Amino acid sequence: MKKYQLGEFEEIVMLTIAILYKEAYGVAIKNEIESRLKRNVSMGAMHTALVRLEDKGYIRSHDGEPTEERMGRPKKYFQVTALGKRAMEYSRETRNALWGAIPDVSPNVKFS
Amino acid sequence: MKEVPPKLPLRFFRWFCHPKLRDSIEGDLMELYEERRAKSGKVKADALFFKDVLLLFRPGIIRPAEGYQQLNNYGMLKNYLKISWRSLLKQKMYSFIKIGGFAIGVAACLLIALFIKDELSYDKHYANHKQLYRVLAVITENGDIKKGVAFPAPMALAVKEDFPEVVNTGRYNNSELFGAGASEVRAADAEDNAYDEGFVYFDQSLIDMLQLKFIYGNPQKALSQPGAIVITKRKADKYFPNEDPVGKALVVNNKADKPYTVGGVIEDFKSTSHLQFDFLIGMEGLEFWNGEQKTWDASNYATYIQVAEGTDAKSLEEKLSNGIIEKYYIPMMTKSGRSLDDVKKFFTETQAHLELQPINEIHLFSEGVDDKLNYGDIRIVWLFGGIALFILLIAAINFINLSTARSANRAKEVGLRKVVGSLRGNIINQFLSESVMFSAISFVLGLAIASIMLQYFNSISGKSISIPWMEWWFVPSLLGLSVVVGVIAGIYPSFYLSAFKPIQVLKGALTQGSKSSPLRSSLVIFQFTISIILLIGTMVIQKQMNFILNKKIGFEKDQVLLLQGTGTLGTQVVAFADELRATSHVVEVSTGDYLPVRGSKRNGNSFWNEGRENIDPNVTSQFWRVDPYYVNTLGLKIVEGRDFNRDLASDSSAIIINQKMAKELGGNMLGKRITNYGGLWTVIGIVEDFHYESLREDIRPIAMVLGTEASVLAVKLKAGDMSESIQSITTVWDKFAPHQPIRYSFLDDRYAAMYNDVQRMGKIFTSFSILAIVVACLGLFALSAFMVEQRSKEISVRLVLGASVNSVFQLLTWDFLRLVLISIVIAAPISWYMMSRWLEDYAYRTDIGWDVFVVSGITSVLIALITISFQSIKAAVMNPVKGLRSE
């Protein structure tokens with residue numbers, strides 16, 4: 001029944017791509033996540049997520065110009081697609097709906 | 001200067017990474033490396049680089065194992081299968097016929113393959129079956145080769161002592177004359193008798209040789225005590241439920257004073273063993289008459305030998321044969337008065353010799369051996385195999401015919417594929433994969449059909465076969481076979497279809513396939529020839545069966561009830577018989593141990609005219625002990641002389657012989673005296689020849705004298721209510737034998753049972769010929785439907801121009817009917833030859849007759865006609881507008 005398949009890490013990657021907008025390529029995404037979320041991201045995990053997202057059609061990519069600091073390798077830039085945007089929105093809405101459904105009186109729900 | 005990351009991990013990365021991702025990820029790695037190197041130095045950067053590469057080694061980034069090139073082929077294959085599936089759905093009827101016919105063929109083949117496998121696996125489970133042989137006596141009499149398995153009692157020991165190659169020998173004796181076969185049994189502490197078969201006298205050494213598996217008891221000593229008996233598991237469960245029966249007593253035929261002691265319990269004989277016994281009576285200390293175990297005069301023991309490993313059986317066979325004949329047989333025969341020259345002449349004339357038959361060949365290669373065991377027949381195995389193959393072939397021909405006939409429908413596809421770059425090889429691949437797909441579907445369906453039909457097949461073949469789903473080889477070999485069959489069936493259509501020229505087919509010039517090609521016609525002829533041969537075979541077998549059941553056999557088999565197990569009545573049997581005669585339903589009662597049906601007592605003997613014992617050759621004859629009522633009860637016809645008279649004391653040395661015997665003894669025998677070793681007899685009557693053995697054999701001499709043995713009573717009943725008669729007999733029986741349930745059979749049933757194998761053959765032939773005809777007709781139906789479709793415009797034009805329905809019908813039908821007629825012409829001589837060969841087995845046989853051919857010919861024409869006319873009538877009565885309007 002799941003309309004949009006989107007894992008937690010995948011969601012983070014997509015959000016980061018959206019933040020970086022035109023500058024979203026491998027190392028940039030990695031650095032952005034690391035600096036914003038203070039967590040380590042391995043190349044392997046991130047690239048797997050990117051491949052998967054592209055397979056699902058949530059992001060698309062195009063090659064940039066080869067640069068010298070990459071020894072002549074092109075940067076691969078990523079962009080969120082319309083479908084990807086809908087997936088992100090869907091995921092946000094479901095969370096909001098769940099948050100909204102928590103009753104005020106519930107004393108046990110304490111978050112730190 | 002650019003800093004370069006370590007080589008090894010980089011090369012590793014380049015090797016495993018998916019080519020699409022390689023450049024960009026490598027770029028990322030480089031960028032990171034540079035950054036880290038500047039920040040924290042070479043060592044740390046190298047280590048992190050290494051870690052990153054390792055973490056990248058995961059699915060999604062690793063390239064697929066097959067690489068790029070095959071990825072493309074896989075896509076093509078997917079496309080082939082998709083197109084195949086679509087064309088299958090588009091042409092539902094044709095696909096159904098292709099697949100359905102194939103599935104039937106596969107099912108038939110599968111069942112028969114399992115049957116053959118079962119037949120071939122006989123006696124291979126005995127651990128040292130490669131060293132075990134059965135001794136056969138082979139003798140040529142008047143050009144007929146006769147084989148026997150019965151040998152003198154001391155031969156086993158003699159063979160073992162005289163020939164060092166022979167490690168062990170063992171015997172069994174299953175002759176009813178000595179009490180083997182069927183008996184009434186009970187455990188010593190039980191009251192009621194039960195009837196059981198499978199009694200046999202058995203050597204301990206034969207148990208050792210066969211290495212029978214024991215559940216209870218000591219395998220080495222199970223039969224070493226006098227009076228010991230070994231029983232199978234199922235009989236142990238019957239007579240001694242839930243206990244260890246070793247040491248317990250078993251009373252056989254009410255002889256409570258001489259019970260057998262159970263020495264062991266063995267596993268039931270496997271269904272694939274040629275030996276099938278349940279009660280093995282030990283031979284220790286047993287002698288049926290004084291000196292019986294030492295005499296070479298009487299042959300009653302089947303003898304098995306075990307040779308040392310590595311022995312050449314052929315050379316041993318010759319040595320053994322010559323040795324035994326020289327040392328034992330010739331002295332035995334000269335001792336009885338014949339001259340040495342005479343005996344030598346006998347051996348050269350008859351080429352009598354011994355053969356060693358490997359134990360695992362006994363089941364299939366025992367034609368001509370008559371010893372009460374049930375054998376298979378290698379010819380049946382071949383026949384079945386052939387039939388299965390032919391049915392599959394017929395189905396494969398449907399496949400080929402329909403594929404090529406319908407080629408026009410696929411021609412455009414082929415043309416287009418070629419235009420966009422397919423090579424011929426690709427198209428061949430496409431059609432091969434299509435036919436493999438068809439064959440795979442058919443195999444699945446065929447398996448389903450086979451498992452549904454298994455029970456029926458078992459009942460007609462007399463087997464208990466199951467489908468070996470769990471065997472390791474079963475599924476893989478089916479998979480392999482489905483591919484092989486698919487490729488074979490698809491090879492011609494795929495070459496044919498792939499040869500189309502793109503320009504021609506795309507222009508629409510192709511009309512190939514619509515005219516009947518010579519190849520297609522000959523394949524149809526082939527299909528129908530096979531079907532008609534099977535049809536004729538079925539009818540001849542049916543005819544022979546009718547002949548057997550209705551032939552005048554010289555005795556009256558109807559209304560005769562056989563009361564079994566009367567041996568336990570002892571001397572009371574006479575009173576019992578008298579009481580039966582007194583009941584209103586009974587015409588006559590007689591002892592029935594010796595009966596003219598298979599499975600009753602036999603006693604071979606030699607006769608001479610008085611005083612000519614050592615001068616004339618002997619007349620081998622049956623020697624039956626009957627009572628004064630026997631001739632009347634069985635309705636035998638006395639042609640000369642008289643029947644036994646119970647009131648004449650002198651009749652105790654009287655003998656009644658049949659015409660055949662009278663002739664062999666020189667004719668005009670009434671009142672003359674004849675002798676066998678046991679006595680001197682006066683011929684008081686000559687009885688008309690009657691068939692006391694199967695109709696496969698000529699009637700042989702038979703002689704009857706008075707005797708008192710009666711373990712079976714033959715009761716001739718008045719015509720009328722059978723259940724009432726049985727009721728009244730049961731009442732009398734229960735009075736005499738309250739502890740033994742009544743057991744009876746009917747003579748005509750027993751007679752018919754002698755020909756069970758013929759009936760079985762008949763049923764099998766019927767089933768297979770129906771199958772073959774159904775499959776062939778399916779093909780014919782589809783072909784005719786296709787022809788009508790192709791020629792619909794032509795038919796419409798004809799109809800518009802005034803052709804009658806009749807003429808159109810003829811036009812469409814004749815094409816196919818012609819083929820069926822040709823098939824009849826081909827099939828008739830082949831089947832005539834085959835069935836004459838089959839009938840040669842019978843000394844008394846029906847003739848094949850022209851009626852069989854006429855009836856089967858008309859039948860096949862009718863079936864074909866009905867099949868075709870369904871389509872041709874549809875075409876002939878259709879509205880011509882329908883065929884023409886699309887123009």
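How are α4(B) and α10(B) oriented relative to each other? They are roughly antiparallel, and the views below start from this pair in what is a predicted model.

**View 1. Helices α4 and α10 of chain B pack side by side, with axes 9 Å apart.** Here we meet α4, residues 92-120 of chain B, which packs against α10(B) at an angle of about 165°. The crossing of α4(B) past α10(B) is left-handed. In this contact you will find 19 nonpolar residues, along with four polar and two charged ones.

**View 2. Helix α10 of chain B also meets helix α15 of chain B.** Follow α10(B) along residues 378-405 and look for α15(B), which spans residues 518-550. The two axes come within 10 Å and cross at roughly 155°, so α10(B) and α15(B) are roughly antiparallel to each other. Their crossing is left-handed. On the α10(B) side, the residues to look for include Phe390(B), Ile394(B) and Ile397(B). Their partners in α15(B) include Leu523(B), Phe526(B) and Ile530(B). The contact residues of α10(B) and α15(B) comprise eight nonpolar, three polar and one charged.

**View 3. Four strands of chain B make an open, antiparallel sheet.** Reading across the sheet, the order is β15-β23-β14-β24. At the edges sit β15 (586-591) and β24 (744-746) of chain B, each pairing on one side only. From one strand to the next, the twist averages 25°.

**View 4. A closer look at β15(B) and β23(B) shows five bridges in the antiparallel sense.** Strand β23(B) covers residues 712-717. A handy landmark is Glu588(B), which stands opposite Lys716(B) in β23(B). Lying across both β15 and β23 of chain B is helix α16, residues 573-582. This helix runs at about 165° to β15(B).

**View 5. Strand β9 of chain B pairs with β5(B) and with β10(B).** Let us begin with β5(B), residues 181-187, which three bridges join to β9(B), residues 249-252. These strands run antiparallel, and Val185(B) stands opposite Val252(B) in β9(B). Next comes β10(B), residues 260-266, paired with β9(B) over two bridges, again in the antiparallel sense. To find your place here, look for Leu250(B), which stands opposite Tyr260(B) in β10(B).

**View 6. Chain B touches chain A through 19 of its residues.** Across from them, 18 residues of chain A take part in the contact. The chain B side of this contact has eight nonpolar, three polar and eight charged residues.

Technical notes
Residues are numbered from 1 along each chain as its sequence is written. Chains are lettered from A and ligands numbered from 1 in the order in which they are written. This is a predicted model: local features need pLDDT of at least 70, side-chain atom pairs count only at pLDDT 80 or more; totals for chains, interfaces and linings use all residues. Axes are lines fitted to C-alpha atoms, for helices over the stretch in contact, and angles run from 0 to 180 degrees between N-to-C directions. Angles under 35 degrees count as roughly parallel, over 145 as roughly antiparallel, 65 to 115 as roughly perpendicular and the rest as oblique. A crossing is left-handed if the near helix is turned anticlockwise from the far one by less than a right angle, and right-handed if clockwise. Two residues are in contact if their C-beta atoms, placed from the backbone, lie within 7 Å. Ala, Val, Leu, Ile, Met, Phe, Trp, Tyr, Cys and Pro count as nonpolar, Asp, Glu, Lys and Arg as charged, and the others, Gly among them, as polar. Two strands pair if DSSP finds at least two bridges between them.
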